[in-house]
Amino acid sequence: MNPLLQQFITDANDILERMGQSLLALEKRPDDEAVIDELFRAVHTLKGNSGLFDIPIFTRVVHAAEDLLDKVRDKALAIDNDLTDELLDSMDFIQRMVEMVEASGRIPEDFTDEADRRIERLKALLPEDLTGETEAEEEWTERVLPPENLAWLARLSDADRAAASEAAGRGALTALRYVPEPECFFKGEDPLLLLRNLPGRTGFVLELLEPYGGAEDTDIYRCNIGIHAVSSAPIAELRDYFRYVPEQVALYPLTAEALETGELPVFTAVNSPQTVPDAVGEAAPRPAAAWYFDPHREPLAAEIVATQRRLLDLPASADQWDGRLQAIGNTLAALFAAHGGPEAVEELKETIAACRREESFLPLAFLLETRLGSEEEQASPAEADVATATATTANGTAPSDPPDGARPADDGIGDGLRGAADSADRASRVLKVPQEKVDRLMDLIGEMVVAKNALPYLASKAEEVYGSRELAREIKAQFAVINRIAEDMQDGIMQVRMLPMSSVFQRFPRLVRDVARQLGKKVRLVLEGEDAEADKHIVESLGDPLIHILRNSLDHGLETPDVRVAAGKPEEGRILVRASQEGDRVLIEIEDDGKGIDPAVIKRKAFEKGLIDEARLESISDTEAIQLVFAPGFSTAETVSSLSGRGVGMDVVKTSLEKIGGQVRLTSERGRGTRIVLTLPLSVAVSNVLMVRMNGQRYGVPMDMVVETVRVPRSEIHVIKDRRVAVLRGRIVPLFGADELLSLPEPPIANGEGEYAVLVARVDGATVGLIVDGFAQTTDVILKPLEGPLAALAGFAGSALLGDGSVLLVLDLKELMHAA
Amino acid sequence: MKSILIIDDASTVRLYHRSLLEEAGFHVDEAVNGIEGVEKALSRTYDLFVVDVNMPKMDGYAFLREIRRRKEIHQSPAVMVSTEAEEKDRQRAFAAGANFYLVKPTKPNELLEVAALMTGGRA
Amino acid sequence: MPLKLTKKKAELSGDVLVDDAETLFHWLAAHAGGTVVFDRLTHMHTAVLQALAARPGRLKALPDDPFLADCLRQLTSQKQEN
């Protein structure tokens with residue numbers, strides 16, 4: 001899978017999980033804006049991410065959810081149960097799509113129908129159109145721009161126009177377009193007062209934006225006035241004057257010539273470059289050889305320049321004015337260098353200096369006007385053509401020619417991943433790694449642990465075969481070093497595999513909520529100790545048993561609100577899930593304040609199902625009786641409900657916990673509630689064992705001790721000083737019967753050809769053979785120390801629960817050999 | 001080598017942009033929100049900022065305004081990348097101080113070409 | 001009182017504030033033959049100007065203040081009389 005898609009999937013899972021949590025948090029605190037923001041950002045990010053891939057169905061569903069959340073954020077829609085349900089459902093659907101993408105890299109066609117239905121449903125939840133209001137608001141998030149022509153000048157009175165002309169002769173004039181926002185009166189603004197006190201006011205034109213029709217319901221308090229004005233004050237002073245309404249005012253220079261002709265040179269310069277006025281003409285001299293950004297030939301370069309031109313029309317607040325100018329200048333510098341060479345950059349620099357002097361973007365705007373457009377539209381096409389071509393090839397940077405390395409997004413992105421993963425999460429100093437990678441590392445470390453065990457053989461071979469004691473010693477020394485490192489690595493990878501309980505717990509709020517709603521019960525779930533950590537294998541194996549326990553609590557433990565109230569309990573039930581660490585074990589307690597377990601009912605059930613006989617029924621204590629829920633085949637529910645009855649009972653919970661070395665204890669008080677305590681190891685030592693058969697029983701031998709398995713004919717087994725030996729690969733190997741070592745009644749059985757199965761192992765540097773009945777497969781097991789009376793048994797490394805539920809005793813060959 | 005700072009809270013998008021730009025020979029740094037972006041921009045000169053809109057703590061608009069306000073930061077071009085293609089969104093980006101606007105998902109060629117043009121060459 | 005209203009006449013003087021705009025507007029609507037006069041008018045809020053613009057042709061004369069006179073001339077199509 002390409003790394004980008006992988007990252008997308010990792011992210012998507014993460015985002016969906018966060019969204020789920022946020023949604024549930026919102027149900028409790030519907031007004032928490034921080035959570036709403038977080039939720040919106042999450043879905044927004046997911047939409048953006050999905051756009052990188054060709055999965056339009058996915059993007060559309062996420063988009064619909066985003067629209068809905070946008071309304072929630074704008075307070076046009078309130079979070080309620082229905083909305084939460086719909087969103088949670090949609091997230092499940094999105095999750096399924098993520099899984100499809102992960103599995104097959106695409107979303108199957110048959111998702112389309114459901115996607116469409118979902119989008120319809122999400123859309124149906126959108127509030128009635130409030131467009132009137134929102135549009136008015138949106139309109140005013142835009143800035144007022146300079147007008148497209150100077151027609152308004154004609155409406156100036158002759159006296160004002162004369163005054164303006166006279167002022168223009170003395171220095172630069174500024175024109176302004178002021179369109180107060182409709183609601184401005186309610187903000188205490190009086191545009192007329194602003195206009196009255198306008199510094200350097202030399203004339204103004206008022207207009208009604210919409211004519212008053214004389215209707216009775218005319219809203220006098222909605223500002224309906226647009227203003228054009230001329231001022232002789234410096235543009236900076238004007239900018240400051242309008243600092244409270246910057247987005248409602250556009251300031252633009254007005255030249256004497258423009259005043260005369262009524263034409264706005266800035267906007268007509270493309271077709272009539274000769275109208276460059278004197279003031280800026282000096283700062284922006286016409287270049288000898290023209291070069292242009294031709295939208296046909298280099299659309300992107302031309303668009304960037306046109307964008308900078310557009311930026312120059314936007315008002316900038318005083319503190320950002322210089323930064324904006326510089327940024328525009330730096331943007332253009334690169335483009336000018338490519339097109340016009342050093343002279344062009346020099347010209348650009350001078351123009352920017354002129355902008356600073358005049359505190360106006362205008363000089364730069366003029367320069368850009370002369371640089372936009374194709375050569376056909378320009379005055380001297382032949383010359384321009386040559387110039388453009390030269391500029392392009394001379395610099396070797398034809399901008400329309402995509403740089404090397406440009407290629408489709410889904411092509412192998414390659415090495416980017418390492419760097420991205422490295423810095424992506426640098427903020428939190430946490431590295432997100434796909435699980436398989438950790439597993440792979442774990443496997444490799446496991447292989448290394450076994451491989452290093454070849455070194456002692458090599459050492460003895462060096463000594464015995466090649467006669468070099470020196471080399472043997474060195475190999476042993478190296479072995480010690482490698483052995484220590486290998487152990488550290490094993491330890492290290494175990495640490496990496498530690499996961500917080502929260503990774504399992506976070507599924508619970510949703511589950512409890514859904515189930516409780518379905519059952520018509522009220523439940524408060526309290527999670528504690530989510531930070532407690534345990535090995536990934538342990539934590540992951542906990543998920544299903546815990547869910548099962550929770551479902552049982554919800555289904556059988558907690559009562560419906562009316563029953564609870566009648567019993568004098570609070571209407572809302574409470575389930576506590578608490579994790580804590582105790583030494584090298586993790587404790588997980590699941591406690592509910594429900595009706596508890598009735599021992600009498602359990603006893604009767606167990607008896608009816610034949611799990612206990614009549615004698616036991618009489619003698620069993622209440623405490624013992626409730627443990628019967630863990631007995632295979634026991635199920636307390638009269639009918640198997642859709643919720644907890646998944647065909648498994650508490651016995652499966654117990655078995656699956658024991659498989660990972662855990663234990664379950666259950667206590668219950670009638671009418672007061674039930675408490676289940678799980679005890680689990682912090683980490684698991686997964687051992688690879690070879691299973692051997694002996695006296696109809698299976699035993700395990702740790703694989704890292706096994707050298708080989710061979711068949712040895714009875715004839716080749718010799719007895720030297722009442723010890724059996726065989727010559728294997730030219731070496732004398734002592735043989736031990738498994739029956740002797742384990743004090744078993746029957747000696748090993750040879751096969752039809754009179755051959756014995758011999759397991760050759762390396763114990764304390766010596767090679768020994770163990771005669772058994774036969775070999776079975778190898779398997780990974782979680783070793784558990786022997787407990788109770790068995791703990792006294794020597795010769796066993798521990799026991800392990802096998803997949804089929806049987807117990808495997810794993811031999812400690814070292815101890816057995818010493819005893820022999 | 002030209003350097004680019006990507007400010008985006010979505011790691012997938014960062015990875016995507018970073019891979020493309022690094023492939024083309026740019027030095028690329030990342031920031032997960034505007035605040036981190038400003039911090040990084042204070043620590044070295046970047047030839048281009050590639051800025052997301054919606055981010056926690058400090059969004060793209062606030063980042064741009066902050067950058068444009070600060071005299072100690074080299075005023076490099078900024079490209080705002082957004083999922084929205086509407087004119088009013090462009091207008092907001094430009095009003096905040098962006099020099100160019102690209103709609104997400106960015107096309108690889110487009111992003112690379114814009115980066116090359118705005119920084120003055122291929123990396 | 002910046003805004004004095006009788007059956008025949010609305011008189012604006014001094015600073016006419018935003019709150020008076022609505023009163024004036026309703027008076028203009030209710031008294032079709034009524035006229036508006038100014039007496040030492042120093043300023044009127046934009047909303048007051050809008051009220052006058054919405055019911056044009058009711059001014060006997062423009063105010064003395066040149067700025068306000070200019071505003072009213074532009075928006076009420078009232079010919080300059082001085």
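How many residues does the contact take from chain A and from chain C? It takes 17 residues from chain A and 18 residues from chain C, where two residues are in contact if their C-beta atoms, placed from the backbone, lie within 7 Å.

Before selecting anything, note that this is a predicted model, in which local features need pLDDT of at least 70, side-chain atom pairs count only at pLDDT 80 or more, and totals for chains, interfaces and linings use all residues. Residues are numbered from 1 along each chain as its sequence is written, and chains are lettered from A and ligands numbered from 1 in the order in which they are written.

**Chain A, the side that touches chain C**

The largest share, 4 residues, comes from α8(A). Colour this side of chain A by class: 12 residues are nonpolar, 2 polar and 3 charged. Here Ala, Val, Leu, Ile, Met, Phe, Trp, Tyr, Cys and Pro count as nonpolar, Asp, Glu, Lys and Arg as charged, and the others, Gly among them, as polar.

**Chain A, the open sheet**

Next, display the 5 strands ordered β6-β8-β9-β11-β10 in chain A, an open sheet with mixed pairing. Two strands pair if DSSP finds at least two bridges between them. At the edges are β6 (523–528) and β10 (663–669) of chain A, each pairing on one side only. Neighbouring strands are turned by 10 degrees against each other on average, direction ignored.

A:R585 stands opposite A:P681 in β11(A).

**Chain A, two hairpins**

Move to β15 (718–720) and β16 (723–728) of chain A, which pair in the antiparallel sense over 3 bridges. A:H718 stands opposite A:V725. This hairpin has 2 residues between the strands, and A:K721 takes a positive phi near 50 degrees.

Continue to β17 (731–737) of chain A, joined to β16(A) by 5 bridges and running antiparallel to it. The bridge partner of A:V727 is A:I732 in β17(A). Again 2 residues lie between the strands of the hairpin, and A:R729 in the turn has a positive phi of about 50 degrees.

Technical notes. Axes are lines fitted to C-alpha atoms, for helices over the stretch in contact, and angles run from 0 to 180 degrees between N-to-C directions.
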